[in-house]
Amino acid sequence: MTVVLLIMTVFLTGLLGIHPMISVVLLAEVVIRIGVDGLSPLAPGLALAGGWSSIICMRLAITAVVYASSIVRERPLTIGLRWNGLFGLVSILLIALIVVGRPALMS
């Protein structure tokens, strides 16, 4: 459950406009300080990286999305949410399934 919350927190804060670098650094520090019994250090790392990679293609203020929108003469909203939105949502679900569904990988 902890890893899913980490993934979703990075994803949702990214949608709200907070850069994933900020949320990942803060969440990693919190996880390190409080510690979660029985949770491998690999699991939160994969969760945070997965959340970051899923939101990075959808954020409207990310340089790649803005640059691509200027090349194809579309709004960043079209590029980030309409074109990349399905990819971002599917990838976040796959990352959650991989991290949660493969506990043997984490130990």
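**Figure 1. Overall fold of the predicted model.** The secondary structure of the protein amounts to seven helices and zero strands, where helices (H or I, at least four residues) and strands (E, at least two) are DSSP runs numbered from the N terminus. The model is predicted, with local features needing pLDDT of at least 70 and side-chain atom pairs counting only at pLDDT 80 or more, while totals for chains, interfaces and linings use all residues. Residues are numbered from 1 along each chain as its sequence is written, and side-chain values use heavy atoms, with hydrogens and water left out. In sequence order the pattern reads α-α-α-α-α-α-α. The C-alpha trace spans about 50 × 25 × 15 Å along its principal axes. Of the 107 residues, 36% count as buried; buried means under 20% relative accessible area, exposed over 50%, and partly exposed in between (1.4 Å probe, protein chains only). Contact means heavy atoms within 4.5 Å. Among contacts with a separation of 6 or more, 67% join residues 24 or more positions apart.

**Figure 2. Packing of helix 1 against helix 3.** Two packed helices are described by the angle between their axes and the distance between the axes. Axes are lines fitted to C-alpha atoms, for helices over the stretch in contact, and angles run from 0 to 180 degrees between N-to-C directions. The axes of helix 1 (residues 2-15) and helix 3 (residues 42-56) come within 8 Å and cross at roughly 25°. Helix 1 and helix 3 are therefore roughly parallel to each other; angles under 35 degrees count as roughly parallel, over 145 as roughly antiparallel, 65 to 115 as roughly perpendicular and the rest as oblique. The crossing of helix 1 and helix 3 is right-handed. A crossing is right-handed if the near helix is turned clockwise from the far one by less than a right angle, and left-handed if anticlockwise. On the helix 1 side the contact is made by V3, L6, I7, V10, F11, G14 and L15, and on the helix 3 side by A43, P44, A47, L48, G51, W52, S54 and I55. These residues divide into 12 nonpolar, three polar and no charged. Here Ala, Val, Leu, Ile, Met, Phe, Trp, Tyr, Cys and Pro count as nonpolar, Asp, Glu, Lys and Arg as charged, and the others, Gly among them, as polar.

**Figure 3. Packing of helix 1 against helix 2.** The axes of helix 1 and helix 2 lie 9 Å apart, at an angle of about 150°. Helix 1 and helix 2 are therefore roughly antiparallel to each other. Their crossing is right-handed. L6, T9, V10 and T13 in helix 1 meet P20, S23, V24, L27 and V31 in helix 2. The residues of this contact divide into six nonpolar, three polar and no charged. S23, placed in helix 2, is buried with a relative accessible area of 5%. Apart from neighbours within four places in sequence, S23 is in contact with V10, T13 and I18.

**Figure 4. The largest nonpolar core and the surroundings of L6.** A nonpolar core is a set of buried Ala, Val, Leu, Ile, Met, Phe, Trp, Tyr and Cys residues joined through side-chain atoms within 4.5 Å. The largest one has 18 residues, and L6, I7 and L48 have the most contacts inside it. Two or more residues each come from helix 1, helix 2 (20-34), helix 3 and helix 6 (85-101). Helix 1 gives the largest share, five residues. Leaving aside neighbours within four places in sequence, L6 is in contact with L27, V31, P44, A47 and L48. G50 is in helix 3 and is buried, with a relative accessible area of 6%. The C-alpha atoms of G50 and L6 are separated by 9.4 Å, although the two residues are 44 residues apart along the chain.

Figure 5. V65 is found in helix 4 and is buried, with a relative accessible area of 4%. Not counting residues up to four places away in sequence, V65 touches I56, C57, R59, L60, P76, I79 and G80. The C-alpha atoms of V65 and R75, 10 residues apart along the chain, are separated by 9.2 Å. R73 is found in the loop between helix 4 (63-72) and helix 5 (76-83). At 76% relative accessibility, R73 counts as exposed. Most residues other than glycine have a negative phi. Phi of R73 is near 55°, a positive value in a residue other than glycine.
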